[in-house]
Amino acid sequence: VDDVTLDIAVGDVLALVGPSGCGKSTLLRTIAGLVEPAQGRVVWQGRDITSVPTHQRGIGLMFQDHALFTHRSVADNIGFGLKMAGVAAGARDARVEELLVLVGLESFGPRSVEGLSGGEAQRVALARALAPEPELLLLDEPLASLDRGRRIELNVELARLLRELEQTAVYVTHDQDEAFSLADVVGVMHQGELLRLGEPAQVWRDPQLSLIH
(Lines give C-alpha, C1' and ligand atoms only; values in the text may rest on other atoms or scores of the structure.)
Protein backbone atom coordinates (compact mmCIF):
# COMPACT_ATOMS: atom_id res chain seq x y z
CA VAL A 1 0.00 0.00 0.00
CA ASP A 2 1.58 3.24 -1.17
CA ASP A 3 0.77 6.53 0.57
CA VAL A 4 -2.99 5.98 0.90
CA THR A 5 -5.08 8.57 2.73
CA LEU A 6 -8.55 7.34 3.50
CA ASP A 7 -11.36 9.08 5.37
CA ILE A 8 -14.69 7.56 6.36
CA ALA A 9 -17.63 9.33 7.94
CA VAL A 10 -19.41 7.79 10.92
CA GLY A 11 -22.38 5.73 9.71
CA ASP A 12 -21.06 5.35 6.15
CA VAL A 13 -20.14 2.15 4.34
CA LEU A 14 -16.96 2.52 2.32
CA ALA A 15 -16.22 -0.19 -0.26
CA LEU A 16 -12.72 -0.79 -1.63
CA VAL A 17 -12.63 -2.49 -5.03
CA GLY A 18 -9.77 -3.69 -7.18
CA PRO A 19 -8.08 -6.83 -8.49
CA SER A 20 -6.41 -9.43 -6.28
CA GLY A 21 -3.07 -8.19 -4.95
CA CYS A 22 -3.89 -4.47 -5.30
CA GLY A 23 -3.50 -3.82 -1.56
CA LYS A 24 -7.11 -3.50 -0.44
CA SER A 25 -6.94 -6.37 2.08
CA THR A 26 -3.56 -5.14 3.36
CA LEU A 27 -5.10 -1.73 3.93
CA LEU A 28 -8.02 -3.31 5.80
CA ARG A 29 -5.71 -5.38 7.98
CA THR A 30 -3.64 -2.29 8.75
CA ILE A 31 -6.76 -0.51 9.98
CA ALA A 32 -7.54 -3.58 12.10
CA GLY A 33 -4.04 -3.68 13.60
CA LEU A 34 -3.16 -7.03 12.05
CA VAL A 35 -0.48 -5.38 9.88
CA GLU A 36 1.92 -2.73 11.21
CA PRO A 37 2.40 0.16 8.76
CA ALA A 38 5.95 1.04 7.76
CA GLN A 39 4.92 4.69 7.91
CA GLY A 40 1.81 6.77 8.41
CA ARG A 41 -0.89 6.58 11.06
CA VAL A 42 -4.30 5.04 11.65
CA VAL A 43 -6.58 7.58 13.32
CA TRP A 44 -10.13 6.82 14.40
CA GLN A 45 -12.43 9.55 15.73
CA GLY A 46 -9.46 11.78 16.45
CA ARG A 47 -7.51 9.07 18.31
CA ASP A 48 -4.24 7.67 17.01
CA ILE A 49 -4.71 3.88 17.20
CA THR A 50 -1.64 2.89 15.17
CA SER A 51 -0.04 1.17 18.16
CA VAL A 52 -3.25 0.05 19.87
CA PRO A 53 -3.78 -3.76 19.94
CA THR A 54 -6.54 -5.07 17.67
CA HIS A 55 -8.84 -6.11 20.52
CA GLN A 56 -8.71 -2.60 22.01
CA ARG A 57 -9.58 -0.69 18.83
CA GLY A 58 -13.37 -1.04 18.99
CA ILE A 59 -13.31 -2.76 15.61
CA GLY A 60 -15.30 -5.77 14.39
CA LEU A 61 -13.78 -8.15 11.83
CA MET A 62 -15.47 -10.45 9.31
CA PHE A 63 -13.47 -12.49 6.83
CA GLN A 64 -14.18 -14.75 3.88
CA ASP A 65 -13.28 -17.97 5.73
CA HIS A 66 -15.78 -17.36 8.58
CA ALA A 67 -13.20 -18.50 11.22
CA LEU A 68 -15.96 -20.06 13.33
CA PHE A 69 -15.18 -22.38 16.23
CA THR A 70 -16.39 -25.77 15.00
CA HIS A 71 -16.57 -27.24 18.53
CA ARG A 72 -18.94 -24.50 19.73
CA SER A 73 -22.62 -23.89 19.06
CA VAL A 74 -23.94 -21.02 16.97
CA ALA A 75 -24.84 -19.08 20.15
CA ASP A 76 -21.42 -19.71 21.71
CA ASN A 77 -19.68 -18.49 18.55
CA ILE A 78 -21.70 -15.28 18.51
CA GLY A 79 -21.19 -14.64 22.20
CA PHE A 80 -17.50 -15.60 22.36
CA GLY A 81 -16.15 -12.05 22.17
CA LEU A 82 -18.61 -10.85 24.75
CA LYS A 83 -17.55 -13.64 27.10
CA MET A 84 -13.88 -12.73 26.67
CA ALA A 85 -14.77 -9.11 27.43
CA GLY A 86 -16.35 -10.16 30.73
CA VAL A 87 -19.98 -9.45 29.82
CA ALA A 88 -22.32 -11.11 32.31
CA ALA A 89 -24.08 -14.29 31.17
CA GLY A 90 -27.56 -12.79 31.21
CA ALA A 91 -26.62 -9.75 29.17
CA ARG A 92 -24.58 -11.94 26.85
CA ASP A 93 -27.47 -14.32 26.19
CA ALA A 94 -29.84 -11.43 25.54
CA ARG A 95 -27.44 -9.88 23.02
CA VAL A 96 -26.96 -13.22 21.25
CA GLU A 97 -30.74 -13.68 20.93
CA GLU A 98 -31.07 -10.15 19.58
CA LEU A 99 -28.44 -10.83 16.94
CA LEU A 100 -29.92 -14.19 15.94
CA VAL A 101 -33.18 -12.41 15.16
CA LEU A 102 -31.32 -9.63 13.34
CA VAL A 103 -29.55 -12.03 10.96
CA GLY A 104 -32.57 -14.29 10.46
CA LEU A 105 -31.36 -17.31 12.46
CA GLU A 106 -33.81 -17.16 15.38
CA SER A 107 -33.83 -20.89 16.21
CA PHE A 108 -30.20 -21.64 15.39
CA GLY A 109 -28.61 -20.87 18.77
CA PRO A 110 -28.13 -24.47 20.02
CA ARG A 111 -27.02 -25.84 16.65
CA SER A 112 -23.51 -26.94 15.81
CA VAL A 113 -21.82 -24.71 13.25
CA GLU A 114 -20.51 -27.76 11.41
CA GLY A 115 -23.89 -28.43 9.79
CA LEU A 116 -24.48 -24.89 8.55
CA SER A 117 -24.69 -23.90 4.91
CA GLY A 118 -22.25 -21.33 3.59
CA GLY A 119 -24.85 -18.57 3.82
CA GLU A 120 -25.83 -19.52 7.37
CA ALA A 121 -22.19 -19.59 8.45
CA GLN A 122 -21.71 -16.11 7.02
CA ARG A 123 -24.71 -14.87 8.99
CA VAL A 124 -23.22 -16.32 12.19
CA ALA A 125 -19.87 -14.69 11.41
CA LEU A 126 -21.61 -11.35 10.85
CA ALA A 127 -23.55 -11.67 14.12
CA ARG A 128 -20.32 -12.45 15.98
CA ALA A 129 -18.61 -9.41 14.48
CA LEU A 130 -21.55 -7.18 15.46
CA ALA A 131 -21.95 -8.62 18.98
CA PRO A 132 -19.70 -6.13 20.81
CA GLU A 133 -21.34 -3.22 18.93
CA PRO A 134 -18.10 -2.15 17.20
CA GLU A 135 -17.51 1.46 16.29
CA LEU A 136 -16.13 0.23 12.96
CA LEU A 137 -16.85 -3.02 11.10
CA LEU A 138 -14.24 -4.36 8.64
CA LEU A 139 -15.37 -6.92 6.06
CA ASP A 140 -12.78 -8.64 3.84
CA GLU A 141 -14.41 -10.39 0.84
CA PRO A 142 -17.15 -11.72 3.17
CA LEU A 143 -19.26 -13.26 0.39
CA ALA A 144 -16.55 -14.50 -1.96
CA SER A 145 -16.85 -18.18 -0.97
CA LEU A 146 -20.57 -18.36 -1.84
CA ASP A 147 -22.19 -19.18 -5.16
CA ARG A 148 -23.46 -16.28 -7.26
CA GLY A 149 -27.13 -16.60 -6.30
CA ARG A 150 -26.44 -16.79 -2.57
CA ARG A 151 -23.95 -13.93 -2.86
CA ILE A 152 -26.56 -11.63 -4.42
CA GLU A 153 -29.13 -12.57 -1.77
CA LEU A 154 -26.79 -11.95 1.15
CA ASN A 155 -25.43 -8.77 -0.40
CA VAL A 156 -28.92 -7.27 -0.36
CA GLU A 157 -29.47 -8.46 3.22
CA LEU A 158 -26.10 -7.14 4.37
CA ALA A 159 -26.76 -3.73 2.82
CA ARG A 160 -30.10 -3.58 4.66
CA LEU A 161 -28.55 -4.54 8.00
CA LEU A 162 -25.68 -2.07 7.79
CA ARG A 163 -28.06 0.78 7.03
CA GLU A 164 -30.57 -0.30 9.66
CA LEU A 165 -27.80 -0.33 12.28
CA GLU A 166 -26.15 2.83 10.90
CA GLN A 167 -22.97 0.78 11.13
CA THR A 168 -19.75 2.43 10.00
CA ALA A 169 -17.95 -0.13 7.83
CA VAL A 170 -15.14 -0.71 5.35
CA TYR A 171 -15.97 -3.45 2.85
CA VAL A 172 -13.30 -5.02 0.65
CA THR A 173 -14.37 -6.84 -2.50
CA HIS A 174 -13.31 -7.53 -6.07
CA ASP A 175 -17.00 -7.65 -7.10
CA GLN A 176 -18.06 -4.24 -8.40
CA ASP A 177 -21.78 -5.09 -8.17
CA GLU A 178 -21.41 -5.81 -4.45
CA ALA A 179 -19.52 -2.59 -3.86
CA PHE A 180 -21.86 -0.28 -5.74
CA SER A 181 -25.03 -1.82 -4.30
CA LEU A 182 -24.17 -1.36 -0.62
CA ALA A 183 -21.61 1.45 -0.33
CA ASP A 184 -22.04 5.14 0.41
CA VAL A 185 -18.47 5.72 -0.81
CA VAL A 186 -16.38 3.61 -3.23
CA GLY A 187 -12.59 3.53 -3.49
CA VAL A 188 -10.77 2.06 -6.49
CA MET A 189 -7.34 0.54 -5.77
CA HIS A 190 -4.58 -0.62 -8.11
CA GLN A 191 -1.03 -1.72 -7.28
CA GLY A 192 -1.19 -0.30 -3.77
CA GLU A 193 -2.55 3.07 -4.82
CA LEU A 194 -5.99 4.57 -4.23
CA LEU A 195 -6.93 5.89 -7.68
CA ARG A 196 -10.41 7.14 -6.94
CA LEU A 197 -12.63 7.83 -3.94
CA GLY A 198 -16.18 9.14 -4.19
CA GLU A 199 -19.88 8.45 -4.21
CA PRO A 200 -20.85 5.31 -6.18
CA ALA A 201 -22.49 7.21 -9.07
CA GLN A 202 -19.46 9.48 -9.45
CA VAL A 203 -16.99 6.61 -9.42
CA TRP A 204 -19.12 4.60 -11.84
CA ARG A 205 -19.07 7.47 -14.32
CA ASP A 206 -15.36 8.15 -13.90
CA PRO A 207 -13.29 5.44 -12.14
CA GLN A 208 -10.09 7.13 -13.42
CA LEU A 209 -8.75 3.84 -14.73
CA SER A 210 -6.69 5.89 -17.17
CA LEU A 211 -4.33 6.48 -14.24
CA ILE A 212 -3.33 2.80 -14.29
CA HIS A 213 0.14 2.42 -15.72
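What share of the 213 residues in the chain is buried? In this predicted model, buried residues account for 45% of the chain. The accessible surface amounts to about 10,900 Å², and carbon and sulfur atoms contribute 49% of that area.

Turning to the overall fold, the chain is built from seven helices and eight strands. Its radius of gyration is 17 Å, close to the 17 Å given by the globule rule for 213 residues, so the chain is as compact as a globular protein of that length. Along the principal axes, the C-alpha atoms occupy a box of roughly 55 × 40 × 25 Å. When contacts between residues at least 6 apart in sequence are considered, 66% of them connect residues at least 24 apart.

Spanning residues 118-130, helix H4 contains 13 residues and extends 18 Å from its first C-alpha to its last, close to the 18 Å expected at 1.5 Å a residue. Of these 13 residues, 11 are buried, so H4 is largely enclosed by the rest of the structure. The buried set includes Gly 119, Leu 126 and Leu 130, along with Val 124 and several alanines, among them Ala 121 and Ala 125. Gln 122, Arg 123 and Arg 128 also belong to the buried residues of H4.

Conventions:
Residues are numbered from 1 along each chain as its sequence is written. This is a predicted model: local features need pLDDT of at least 70, side-chain atom pairs count only at pLDDT 80 or more; totals for chains, interfaces and linings use all residues. Side-chain values use heavy atoms; hydrogens and water are left out. Helices (H or I, at least four residues) and strands (E, at least two) are DSSP runs, numbered from the N terminus. The radius of gyration is taken over C-alpha atoms; the globule rule is 2.2 Å times the number of residues to the power 0.38. Buried means under 20% relative accessible area, exposed over 50%, partly exposed in between (1.4 Å probe, protein chains only). Contact means heavy atoms within 4.5 Å. Accessible areas come from the Shrake-Rupley method with a 1.4 Å probe; for residues, only the protein chains shown count as cover. The expected span of a helix is 1.5 Å times one less than its number of residues.
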